[in-house]
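Here is a short tour of one protein chain, written to be read with the structure open beside it.

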Amino acid sequence: VCETEAIYDPLGMAATDGSLQCLVVSKETARGRDAVNKGRERNGLGAVSVEVAGLVGSETAKLSSTDLRKGSLGCLRSGEPWLRRTKSLCRGEGVYVVGLTGGMGSGKTSLGKKFAGLDVPVIDCDQLGHEAYSPGSDCNRKIVEAFGKGVVCSDGKIDRKALGAIVFSDKEKLGRLNSLVWPEIVRLASIRIESLKAQGHCVCIL
């Protein structure tokens, strides 16, 4: 039988378990002791004693998950840190694509402009979405077939406002639209990435 308990505090059970009297931590996590006791005080609990366990052998021999994550952050499969030596990354292995994500108003556009200012190519998926809707495109034709001529402007462009009124109130229709548009955005992004590779670029923001 496995007993589980929901964790509602960011500090975990250390800040909510009234029966806890002592914590044994490594030197690496010792600085969290004050946060734990502040959390316990906030929850109306007494402070716990924190014992720091030393490492057996050399400090450099410790295998830290934190250090491993930092070491692999932004690394290619070859193990070489991203952009440490830009020239060495261009080995015909393709472009290193960095995904830039976030909700509406989170600053994606502003950050993208900063990267562009550093001469890092930026592929804007919103722009690719507009391109996918362009008159004469296969995606445009499929959207009209799926949602009717009422979503088309006089110039042949997709009327995004009219289309939005249809799909945003119907999850099934929204799913149908996504199934048409996103594969086309992926295709267009792939073309851009291949073009950047041909131009000798080693990295881009998507």
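## The buried side of H8

In this predicted model, helix H8 buries Leu-177, Leu-180, Val-181, Glu-184, Ile-185, Leu-188, Ala-189, Ile-193 and Leu-196. What covers these residues?

H8 is made of 28 residues, and its first and last C-alpha atoms lie 40 Å apart. That is close to the 40 Å expected at 1.5 Å a residue.

## How H7 meets H8

Two packed helices are described by the angle between their axes and the distance between the axes. For H7 (residues 160-167) and H8 (residues 171-198), the angle is about 130° and the axes are 7 Å apart. Angles over 145 degrees would count as roughly antiparallel and those from 65 to 115 as roughly perpendicular, so H7 and H8 are oblique to each other.

On the H7 side, the contact is made by Leu-163, Ile-166 and Val-167; on the H8 side, by Lys-171, Lys-173, Leu-174 and Leu-177. Of these contact residues, 5 are nonpolar, 2 are charged and none is polar.

## The whole chain

Stepping back, the protein chain has 8 helices and 4 strands, in the order β-α-β-α-α-β-α-α-α-α-α-β from the N terminus.

Of its 206 residues, 25% are buried. The chain exposes about 14500 Å², with 54% of that supplied by carbon and sulfur atoms. Among contacts with a separation of 6 or more, 58% join residues 24 or more positions apart.

Terms used:
Residues numbered from 1 in each chain as written. Predicted model: local features only at pLDDT ≥ 70, side-chain atom pairs only at ≥ 80, totals over all residues. Heavy atoms only, no water. Axes fitted to C-alpha atoms, helices over the stretch in contact; angles between N-to-C directions. Helix = DSSP H or I, 4+ residues; strand = E, 2+ residues; numbered from the N terminus. Parallel < 35°, antiparallel > 145°, perpendicular 65-115°, else oblique. Contact = heavy atoms within 4.5 Å. Nonpolar A, V, L, I, M, F, W, Y, C, P; charged D, E, K, R; others polar. Buried < 20%, exposed > 50% of the residue type's maximum accessible area, 1.4 Å probe, protein only. Areas by Shrake-Rupley, 256 points an atom, 1.4 Å probe, with all protein chains shown as cover. Expected span 1.5 Å × (residues − 1).
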